[in-house]
Amino acid sequence: MQVLVVYDINEENGGIKRLNKVSKICEKYGNRVQNSVFEITADISKIRMMEHELTDVIDVEIDSVRLYKIGSHKSDTIIIGRKAKVESIQDDTFIL
């Protein structure tokens, strides 16, 4: 399974430490493609392990981590922590 991991870690109140830990966890499982974006190729058990590790590190009230299964439907998105409002796109726009 291929998963895209994106995160937003609030840098206040120990956030730099959490940010570094989140980055190191993601590096164990995949490749960094941008500052806060990783591509992961792993089976579901490894994805769940990574999810649990990330949950233990972040502050779920102010940080956000999203795991998107590449090539799947929106219902396959895992959100850990703060859920930001996302506006839906009304046309056939693609992220390139």
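This is a predicted model: local features need pLDDT of at least 70, side-chain atom pairs count only at pLDDT 80 or more; totals for chains, interfaces and linings use all residues.
Local features were taken at pLDDT of at least 70 and side-chain atom pairs at pLDDT 80 or more, whereas totals for chains, interfaces and linings use all residues. Residues are numbered from 1 along each chain as its sequence is written, and side-chain values use heavy atoms, with hydrogens and water left out.

Helix 1 comprises the 15 residues 15–29; helices (H or I, at least four residues) and strands (E, at least two) are DSSP runs, numbered from the N terminus.

Gly15, Arg18, Val22, Ser23, Ile25, Cys26 and Tyr29 are the buried residues of helix 1; buried denotes under 20% relative accessible area, exposed over 50%, and partly exposed in between (1.4 Å probe, protein chains only). Viewed down the axis of helix 1, these buried residues fall within an arc of 160° and so line one face of the helix, the arc being that of the directions from the helix axis to the C-beta atoms. Lys17, Lys24 and Lys28 are exposed on the other side of helix 1. The cover over its buried residues includes strand 1 (2–8), strand 2 (30–34), strand 3 (37–41) and helix 2 (44–57), where contact means heavy atoms within 4.5 Å.

Four salt bridges were found in a search of the whole structure; a salt bridge is a side-chain nitrogen of Lys or Arg within 4 Å of a carboxyl oxygen of Asp or Glu. One of them joins the side chains of Asp63 and Arg18, at 2.7 Å from N to O. This pair links distant parts of the chain, 45 residues apart: Asp63 belongs to the loop between helix 2 and strand 4 (64–69), and Arg18 to helix 1. Both Asp63 and Arg18 are buried.

A salt bridge also connects the side chains of Lys28 and Glu53 (2.7 Å, N to O). Because Lys28 lies in helix 1 and Glu53 in helix 2, the pair ties together parts that are 25 residues apart in sequence. Lys28 counts as exposed, at 56% relative accessibility, while Glu53 counts as partly exposed, at 23%.

Within helix 2, Glu51 and Arg48 are three residues apart and therefore separated by about one helical turn. Their side chains meet in a salt bridge of 2.6 Å, N to O. Glu51 is buried, with a relative accessible area of 16%, whereas Arg48 is partly exposed at 37% relative accessibility.

Definitions and conventions: The expected span of a helix is 1.5 Å times one less than its number of residues.
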